[in-house]
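The paragraphs below can be read with the structure in view.

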Amino acid sequence: MEVALQYFDGCPNWETSMAHLVSLQGEGHGFDIILQFIQTPEAAESVGFRGSPSVIIDGVDPFADPDAPIGLSCRVYTTGAGRAGSPTLGQLREAITSSEQRHSSLS
C-alpha cells in the first residue's frame with residue numbers, strides 16, 4: 001500500500017501528518033510513505049491538490065471535500081476536538097485500516 005503525503009512550503013501542518021504516519025508504520029501497518037512536494041499552482045492543478053497536508057492512500061483522498069478549492073493553501077480538517085490543520089492519528093489509523101481491509105478482501 002502507498003500513502004502519499006502532499007504538502008507545500010509554508011504550511012507546517014504536514015509535519016504533524018508525517019509524524020502520525022510514521023507512528024502508524026511503527027504499529028505494524030504496512031505502507032510506504034511518498035512525500036510529494038507541490039511547488040506551483042500548476043503542479044497543484046495537475047494532481048488535484050486541495051491543500052496541505054493531503055494524505056492520499058493508494059490514489060484516494062479519504063478526507064476529500066469536493067468543494068475545497070485546488071491550490072497552494074493550508075487544508076483544514078474536522079476532528080472530534082474541532083477544526084485542525086491535519087487529520088488526527090485516530091482518523092489516519094481508521095483511513096489506513098479501511099484501505100487495508102479493502103485490499104485484503106480483494107485478495
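What follows covers the nonpolar cores, one histidine and a pocket.

This is a predicted model, in which local features need pLDDT of at least 70 and side-chain atom pairs count only at pLDDT 80 or more, while totals for chains, interfaces and linings use all residues. Residues are numbered from 1 along each chain as its sequence is written, and side-chain values use heavy atoms, with hydrogens and water left out.

In soluble globular proteins, nonpolar side chains tend to be buried together. A nonpolar core here is a set of buried Ala, Val, Leu, Ile, Met, Phe, Trp, Tyr and Cys residues joined through side-chain atoms within 4.5 Å; buried means under 20% relative accessible area, exposed over 50% and partly exposed in between, with a 1.4 Å probe and protein chains only. The largest core has 14 residues, and those touching the most other members are Val3, Leu21, Phe31, Val55, Ile57, Leu92 and Ile96. Apart from this core lies another, of five residues, including Phe8 and Ile38.

Val3 shows how such a residue is surrounded. Beyond its neighbours within four places in sequence, Val3 is in contact (heavy atoms within 4.5 Å) with residues including Leu21, Phe31, Val55 and Ile96.

Is His29 buried or exposed? His29 is buried, because its relative accessible area is 15%. Leaving out residues up to four places away in sequence, His29 touches Leu24, Arg93, Ile96, Thr97 and Glu100.

Finally, the pocket. Residues that line the largest pocket include Arg50, Phe63, Asp65 and Tyr77; a pocket is an open set of points on a 1 Å grid over the protein atoms alone, where a 1.4 Å probe fits, with protein on both sides within 12 Å along at least five of seven lines, and lining residues have an atom within 4 Å of a point.
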